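These are my notebook entries on a single protein chain. I record below what I looked up, entry by entry.

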Amino acid sequence: MSQLTLRASTAAELMNPGPVSLDASATVAEATTFLTERAFGAAVVIDDAGHPLGVVTKTDVLVHARQRRLGLEPDDTPVTEFMTPAVFSVRPETPARSVVEQLLALNVHHLFVADAAGIIIGVISPVDVLQKLA
């Protein structure tokens, strides 16, 4: 049985740069369109200054819709009312092993990479980790 090796040593080597973001004033309808048209699983929600406030995922949108049972009616609920109010992040120099451990321990599908100023510069998903296995 062969062993898999992770071909990345840091978060910077695992991440996809330039993650997408939604403005805090975006509605659930706008978030749904944004995520589905671009085939993204999640987006950081940012304030007017560009600071991260939380994360909205496709799952957040589905749970919100189920709770509201809106059907085909437009939903103008702001994303800040149903987003995950935390942005789990690591620094670019975080060891890749630690990134994998955090994805598992936090049970999240997206771990964001923030620079020293707290600006989100990348995102890491389990698929990104799998692509670096050899």
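**Entry 1: helix 2.** I began at the residue that follows helix 2: Ala-39 takes a positive phi of about 60 degrees there. I note that the model is a predicted one.

**Entry 2: helix 3.** I turned to helix 3, which spans residues 58–68, and found Asp-60, Val-61 and His-64 buried. Their arc around the axis is only 100 degrees, which puts them on the same side of helix 3. The face turned away from that buried side carries Thr-59, Leu-62 and Arg-66, which are exposed. I recorded helix 2 (28–38) and strand 4 (52–57) as part of what covers the buried residues. Just after helix 3, I noted a positive phi of about 50 degrees at Arg-69.

**Entry 3: the pair of helices.** Two packed helices are described by the angle between their axes and the distance between the axes. I looked up both values for helix 2 and helix 3: the angle is about 140 degrees, and the axes lie 10 Å apart. That angle makes helix 2 oblique to helix 3; the cut-off for roughly antiparallel is over 145 degrees. The crossing of helix 2 past helix 3 is left-handed. Which residues meet between the two helices? On the side of helix 2 I listed Val-28, Thr-32 and Leu-35, and on the side of helix 3 Lys-58, Val-61 and His-64.

**Entry 4: nonpolar cores.** I then looked up the largest nonpolar core, which has 15 residues. Leu-22, Ala-43 and Val-56 are those with the most contacts inside this core. Helix 2 and strand 3 (42–46) each supply at least two of its residues, and the largest share, four residues, comes from helix 2. I followed Ala-43 further. Leaving out residues up to four places away in sequence, Ala-43 touches Val-20, Ser-21, Leu-22, Phe-34, Leu-35, Gly-54, Val-55 and Val-56. Another core, of 13 residues, lies apart from the largest one; Leu-14, Val-90, Val-108 and Ile-124 are among its members.

**Entry 5: helix 4.** Are Ala-96, Val-99 and Leu-103 buried or exposed? I found Ala-96, Val-99 and Leu-103 buried. Seen down the axis of helix 4, the buried residues fall within an arc of 50 degrees, so they line one face of the helix. On the other side of helix 4, I recorded Arg-97, Leu-104 and Ala-105 as exposed. The elements that cover the buried residues include helix 1 (11–14), strand 5 (89–90), strand 6 (111–114), strand 7 (120–124) and helix 5 (126–131). Just after helix 4, Asn-107 takes a positive phi of about 55 degrees.

**Entry 6: Val-113.** I selected Val-113, which I located in strand 6. Val-113 is buried, with a relative accessible area of 0%. Not counting residues up to four places away in sequence, I found Val-113 touching Ala-11, Met-15, Val-90, Arg-91, Pro-92, Ile-119, Ile-120, Ile-121, Gly-122 and Ile-124. I also checked Val-113 against Arg-66: the two are 47 residues apart in sequence and 31 Å apart in space, C-alpha to C-alpha.

**Entry 7: the chain as a whole.** From the N terminus on, the elements run α-β-β-α-β-β-α-β-α-β-β-α. The C-alpha atoms fill a box of roughly 50 × 40 × 25 Å, taken along the principal axes. Of the 134 residues, 37% count as buried. Among the contacts with a separation of 6 or more, residues 24 or more positions apart account for 55%.

Note on methods
Residues are numbered from 1 along each chain as its sequence is written. This is a predicted model: local features need pLDDT of at least 70, side-chain atom pairs count only at pLDDT 80 or more; totals for chains, interfaces and linings use all residues. Side-chain values use heavy atoms; hydrogens and water are left out. Buried means under 20% relative accessible area, exposed over 50%, partly exposed in between (1.4 Å probe, protein chains only). The arc is that of the directions from the helix axis to the C-beta atoms. Contact means heavy atoms within 4.5 Å. A nonpolar core is a set of buried Ala, Val, Leu, Ile, Met, Phe, Trp, Tyr and Cys residues joined through side-chain atoms within 4.5 Å. Axes are lines fitted to C-alpha atoms, for helices over the stretch in contact, and angles run from 0 to 180 degrees between N-to-C directions. Angles under 35 degrees count as roughly parallel, over 145 as roughly antiparallel, 65 to 115 as roughly perpendicular and the rest as oblique. A crossing is left-handed if the near helix is turned anticlockwise from the far one by less than a right angle, and right-handed if clockwise.
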